[in-house]
Amino acid sequence: MSKLKIGWILSVDRNTASSRLQGYLIHEWLVRNNIDSHIVAANSCELKGLRDPRFYQIAKILYSENFTHIIFEGPEWVGFQISALCKLWGRITLCVRCDNLKADYDAYFDVTILPTKNLADSLGVSRRCIIPDCVEVASNQFKLDYSKKSPKLRVVWVGHQGYRDYLLELICRLMGNSFVNECVDFVLISKGDFATIQWNLDTVFCDVLSCDIAFIPIPVGEWYSGKSSNRLAMMMALGMPTIATPIPSYKSIAVAARDVLFVESDEEIIQSLMLLHSEDARKALGCSARNSLGDHFGVDVIAPIWLRAIKEAVNSENKMPVRKWGAKVLASLIGALSAIGRRN
């Protein structure tokens, strides 16, 4: 294969975890390691359709710049169509998917990168590569003092605002217990009016470390069972004593009762909070978690796996999706882009 030239089409900006962990951080590592990598477009989820002028701008760049590989992070319908067009030009296209969104990925992309096997199996992806999310915690950033700094235990949750209703209902039930009501303050780091602290990439790790216990409850269902290990890995890297739901990716990186307290009911959550009222218990759990995780999920470990997957991706030459365009639209677009290429 000729020298790699990688183009990225990202769904949103770097303030959203999916685009940051599965796009920007990997791109930046590639650049640091002298790989020709470019962010062609961000916020691609805002594209309204094939008549959106930005679609033509993106297609023009992808056509004229001769990328060998084009990576679509979290693509929506327009992203699928751009991939189909790129495959006509002989480009290798990769999809990155972190949520359980059904689609015929094998028809549109040469390889789909997913964070867990459960998600890949649920989506029925054949041409797959399983790569866990990297952890962006600095190696010198972790909890040093496990003593309480306030009368109540500060129990921190970090996550997307989509969890709002589930989380608030759960906390309301837990607060009905006298111990939780008297001894626990919940700190919610997210975006929106329900958050105790508004999420900010520059401060989120310090905000977490100011608390005593990390809390990662996950709803039941297929959508959640394929979630990545990222949130638990982040808390483990920070040395936070953590209470979490045992989804498959969490069980793959942590030993129950040694590195994390896994819980499946309100009663188990309350028992775990009572256990972690002890400073010694918090310190033992947090230190074990940090030591167990080590640097296994740092970007310098995870990004080389991406590079290998990119190099090993092979163009499947599957042109089936092109029929969705309509012959006149496709011929017009290819003609326009070919003219651009000749002029350049």
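What is the volume of the largest pocket? In this predicted model, the largest pocket has a volume of about 1200 Å³.

## The largest pocket

The lining of the largest pocket is made of 45 residues. Thr16, Ala17, Ser18, His160 and Lys227 are the ones that lie nearest its centre. Sorted by class, the lining of this pocket has 22 nonpolar, 13 polar and 10 charged residues.

Four helices each supply at least two residues of this lining: helix H1 (17–32), helix H8 (204–209), helix H9 (222–225) and helix H10 (230–237). Helix H1 gives the most, with five residues.

## The second largest pocket

The second largest pocket holds about 390 Å³ of space. Its lining has 20 residues, and those that lie nearest the centre are Val135, Val137, Ser139, Asp295 and Gly298. The classes in this lining are 10 nonpolar, four polar and six charged.

Helix H1 supplies at least two residues here, and so do helix H13 (279–293) and helix H14 (299–312).

## Aromatic pairs

Across the whole structure, a search finds 11 aromatic pairs. One of them joins tryptophan 157 and phenylalanine 194, whose ring centres are 6.2 Å apart. The planes of these two rings stand at 55 degrees; because planes over 60 degrees apart count as edge-to-face and those under 30 as stacked, this pair is tilted. Tryptophan 157 lies in strand S7 (residues 153–158), and phenylalanine 194 lies in the loop between strand S8 (184–190) and strand S9 (197–198). The two residues are 37 residues apart, and the pair links distant parts of the chain. Both tryptophan 157 and phenylalanine 194 are buried.

Tyrosine 163 and tyrosine 224 have ring centres 5.9 Å apart and planes at 50 degrees, so this pair is tilted. Tyrosine 163 is in the loop between S7 and helix H6 (164–174), while tyrosine 224 is in helix H9, so the pair ties together parts that are 61 residues apart in sequence.

Which residues form one aromatic cluster? The members are Phe72, Phe80, Tyr105, Tyr108 and Phe109.

Charged side chains also lie over aromatic rings. Lysine 5 lies over the face of phenylalanine 67, at 5.2 Å from the ring centre. Arginine 290 lies over the face of phenylalanine 142, and here the distance from the ring centre is 3.7 Å.

## Two residues in helices

Serine 272 belongs to helix H12 (residues 266–275). With 8% relative accessibility, serine 272 counts as buried. Leaving out residues up to four places away in sequence, serine 272 touches Ile243, Leu261 and Val263.

Aspartate 165 is placed in helix H6. With 47% relative accessibility, aspartate 165 counts as partly exposed. Aspartate 165 is 31 residues from threonine 196 in sequence, and the C-alpha atoms of the two are 15 Å apart in space.

## Two asparagines with positive phi

Most residues other than glycine have a negative phi. Asparagine 34 has a positive phi of about 65 degrees, although it is not a glycine. Asparagine 34 is in the loop between H1 and strand S2 (36–41). Its relative accessible area is 68%, so asparagine 34 is exposed.

Asparagine 66 also has a positive phi, near 55 degrees. Where does asparagine 66 lie? Asparagine 66 is found in the loop between helix H2 (53–64) and strand S3 (69–73). With a relative accessible area of 52%, asparagine 66 is exposed, because exposed means over 50%.

Terms used. Residues are numbered from 1 along each chain as its sequence is written. This is a predicted model: local features need pLDDT of at least 70, side-chain atom pairs count only at pLDDT 80 or more; totals for chains, interfaces and linings use all residues. Side-chain values use heavy atoms; hydrogens and water are left out. On a 1 Å grid over the protein atoms alone, a cavity is a set of points where a 1.4 Å probe fits but cannot get out, and a pocket is an open set with protein on both sides within 12 Å along at least five of seven lines; lining residues have an atom within 4 Å of a point. Grid points are joined across faces, edges and corners, and a volume is the space filled by probe spheres set on the points. Ala, Val, Leu, Ile, Met, Phe, Trp, Tyr, Cys and Pro count as nonpolar, Asp, Glu, Lys and Arg as charged, and the others, Gly among them, as polar. Rings of Phe, Tyr and Trp (its six-membered ring) pair if their centres lie within 6.5 Å; planes under 30 degrees apart count as stacked, over 60 as edge-to-face and the rest as tilted. Buried means under 20% relative accessible area, exposed over 50%, partly exposed in between (1.4 Å probe, protein chains only). A charge sits over a ring if NZ of Lys or CZ of Arg is within 6 Å of the ring centre and within 35 degrees of the ring normal. Contact means heavy atoms within 4.5 Å.
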